[in-house]
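My notes follow, pair by pair and then the core.

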Amino acid sequence: MVVIVLTFVAFGALSFVTALSGTVFRPGLWYESLDKPQWQPPNWLFGPVWAILYVMIAIAGTMIWNAQPANLVLIMSVFGLQLALNAGWSAVFFGLKRMDLAFVEVLLLWSSIIATMIVFAPVDTRAAWLLVPYLAWVTFAAFLNFVMLRMNPQYASAT
């Protein structure tokens with residue numbers, strides 16, 4: 001039991017480090033000035049949703065790590081890639097103010113989540129299913145990114 005708790009703490013820390021990108025690269029005045037679709041969720045909703053998703057990601061990672069599959073290095077590499085891409089989106093969208101590159105980046109993130117689910121499933125299907133809400137939210141975020149890019153074409157290149 002101690003090993004499981006320590007593993008969860010480690011994966012929780014990885015998720016927390018990933019989430020830090022969203023605190024370093026904040027929306028700010030630039031984001032507030034953008035045209036946005038009427039159906040965009042309120043800004044206050046993003047934090048709680050991501051907090052729940054990061055806990056689910058940490059639980060899924062813990063489950064796979066504790067299963068100790070033979071291909072653990074490959075699986076954790078795929079898992080780490082999706083975390084890195086997750087962290088990168090805020091830097092590209094809010095930091096660089098490049099909605100076009102952020103859209104490409106979020107498509108890569110979406111693909112990496114699918115890849116993570118694929119490598120998790122043979123080890124523990126529950127861990128793969130824990131990532132479904134994450135995939136759904138990133139799907140929504142990608143669509144929102146796309147729509148905002150269309151509504152704000154001036155941010156399709158560096159400014």
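I began with α3 and α4, which pack at an angle of about 170 degrees with their axes 11 Å apart. Helices here are DSSP runs of H or I with at least four residues, numbered from the N terminus. Axes are lines fitted to C-alpha atoms over the stretch in contact, and angles run from 0 to 180 degrees between N-to-C directions. α3 and α4 are therefore roughly antiparallel (under 35 degrees counts as roughly parallel, over 145 as roughly antiparallel, 65 to 115 as roughly perpendicular, the rest as oblique). Their crossing is left-handed (the near helix is turned anticlockwise from the far one by less than a right angle; clockwise is right-handed).

I noted the source: this is a predicted model, where local features need pLDDT of at least 70, side-chain atom pairs count only at pLDDT 80 or more, and totals for chains, interfaces and linings use all residues. Residues are numbered from 1 along each chain as its sequence is written, and side-chain values use heavy atoms, without hydrogens and water.

I listed the α3–α4 contact (heavy atoms within 4.5 Å). W50, Y54, I57, G61, I64 and W65 of α3 meet L72, I75, M76, F79, Q82, L83 and N86 of α4. I count 10 nonpolar, 3 polar and no charged residues there (Ala, Val, Leu, Ile, Met, Phe, Trp, Tyr, Cys and Pro are nonpolar; Asp, Glu, Lys and Arg charged; the others, Gly among them, polar).

Next I took α1 (residues 2-24) against α3: about 135 degrees, axes 8 Å apart. That makes α1 oblique to α3. The crossing of α1 with α3 is right-handed. On the α1 side I found V3, I4 and F8, among others, and on the α3 side residues including Y54, I57, G61 and W65.

Then I checked α5 and α7: about 165 degrees, axes 9 Å apart. They are therefore roughly antiparallel, and the crossing is left-handed. The contact includes M99 and D100 of α5 and N145, M148 and L149 of α7. I get 17 nonpolar, 2 polar and 1 charged.

Last, I looked up the largest nonpolar core, which has 45 residues (buried Ala, Val, Leu, Ile, Met, Phe, Trp, Tyr and Cys joined through side-chain atoms within 4.5 Å; buried is under 20% relative accessible area, with a 1.4 Å probe and protein chains only). W30, M76, F93, M99, F120 and Y134 have the most contacts inside the core. α4 gives the most to this core, 11 residues. I followed M99: beyond its neighbours within four places in sequence, M99 touches W30, L34, F93, N145, M148, L149, N152 and Y155.

Methods: Buried < 20%, exposed > 50% of the residue type's maximum accessible area, 1.4 Å probe, protein only. Helix = DSSP H or I, 4+ residues; strand = E, 2+ residues; numbered from the N terminus.
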